[in-house]
Amino acid sequence: MANDASAAFDTLSPAVSKGSLADPFTPPADSSLWRKNFLLGAATASYQIEGAVDEDGRLPSIWDTFSATPGKVLAGDTGAVACDHYHRWEADIDMLASLGLEGYRLSIAWPRVMDAAGRPNRKGLDFYKRLLNRLKEKGITSFVTLYHWDLPQHLEDRGGWLNRDTAYRFADYADLMSRELAGTVDAWATLNEPWCSAYLGYGNGHHAPGLANDRFATQAMHHLLLAHGLAIPVLRGNDPASQKGIVANIGRGTANSDSAADQRAAHLFEVQHNAWILDPLLKGEYPQDLFELWPGTEPLVLDGDMRTIAAPLDFLGINYYFRTNVASDGAHGFRDVPLEGVERTQMGWEVYPDGLRDLLTGFKKTYRNLPPIYITENGMASDDKVIDGHVDDAQRISFLKRHLAAVDQAIKAGVDVRGYFLWSLMDNFEWAFGYERRFGVVHVDYSTQKRTVKRSAELVAKFLKERKARV
């Protein structure tokens, strides 16, 4: 594909290239998205795209183990091959550049870069060095996540995130990576979605390592956040020119009625999904309402832990996908009450752009020290098919336009949002849902590994080309 943004349309469909295709995406003239310093990019994660799980010294991860366990992942799918990005990374970066995307958020596979004794694996490190240098050559801003769920299995064998020592091993990992990659990374994120790692991994067993205990979830969360706090000063010391932050997934909870009980249920939903992570990071304390939901699950917290967790951030990454309508469960919690007649994605998630705006403006009011925000993931799954060489993903185009409009509304309300990353650059291994759910703006034929740019990506590229021409 073409190698620079100015030639982005050399490989796109002729209708889009010539401007004859109706464009339902381009933002209005007064949108903040036209600002030249608003970063627009795409995101991926190592286990979801890389494959090559047994190559060049990579060790097993908890997701290798989990996905190989019968019944854990839809259709028995695994990340063993995924998008074969480990072998196709150069073409994938060229594709990213050809679309004119300005930023790329990727993650590093912890099992690929260190052995069980904590020593560097040079072949794994060299892979990321080559990739990051290629991004620099293309002028693409790099956001690197250190932990996107693929914990080395040998650490899980010693207790994983239930073991406090894992937080210190993570700090060692952060030290190695920031020393080796200093100067090639524009922004470091310590963790991706600790809520998912803690709750889905240790609370309900839907994700690796597949444990299910509320007490496990709160303790795992504490050690994840401690790992983050220990890593931040290490990253600052080794790579001072880069930004440092963390990525949290957030959920909008709305009440099923005006009753006090249902209103309380919606509040508790957002405590569990949002404040559980953001209060420790930005207030240095856990929300006490959390333990109303889960009585007796307070984690073991040692002196100084909360100060460590609340280390100042240069940015906060926000991942948003849907809202949940809830009612009181009649006790001390909430229950989902799915709404009828609403738009949903292939995942069954409601499309609710206002939730993103409402959460962002709410965080600004709640957290006086709210750092600059990047929307580090937003997107949707649909059952996309290639027809006559094209993928017309009309619902995704509408989804993206409406969510970007919600971001614009939040910016105009005073929230410092500096960028937005599409989830995802390409279709990939969608964790417990395997390969059935397609989130990419680029279609991947998993039998041939052929990439086909979807219409959504074409229209985003068209907008970026127009924006570049304006400034």
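Author: We go from the whole chain to one residue, bearing in mind that this is a predicted model.

Reader: What radius of gyration does the protein chain have, and why does this agree with a compact globule?

Author: The general idea is to set the value beside what a globule rule gives for the chain length. For 471 residues a compact globule would have a radius of gyration near 23 Å, and the protein chain has 21 Å, which agrees. Along the principal axes, its C-alpha atoms fill a box of roughly 60 × 55 × 45 Å, and the chain has 16 helices and 11 strands.

Reader: Is L146 buried or exposed, and where is its place?

Author: Burial is read from relative accessibility, with under 20% as the cut-off. L146 has 0% relative accessibility and therefore counts as buried; its place is in strand β3, which covers residues 141-147.

Reader: With which residues is L146 in contact, beyond its neighbours within four places in sequence?

Author: Leaving those neighbours aside, L146 is in contact with I108, F170, Y173, A174, M177, W188, A189, T190 and L235. As for K129, this residue is 17 residues from L146 in sequence, and their C-alpha atoms are 14 Å apart in space.

Terms used. Residues are numbered from 1 along each chain as its sequence is written. This is a predicted model: local features need pLDDT of at least 70, side-chain atom pairs count only at pLDDT 80 or more; totals for chains, interfaces and linings use all residues. Side-chain values use heavy atoms; hydrogens and water are left out. Helices (H or I, at least four residues) and strands (E, at least two) are DSSP runs, numbered from the N terminus. Buried means under 20% relative accessible area, exposed over 50%, partly exposed in between (1.4 Å probe, protein chains only). Contact means heavy atoms within 4.5 Å. The radius of gyration is taken over C-alpha atoms; the globule rule is 2.2 Å times the number of residues to the power 0.38.
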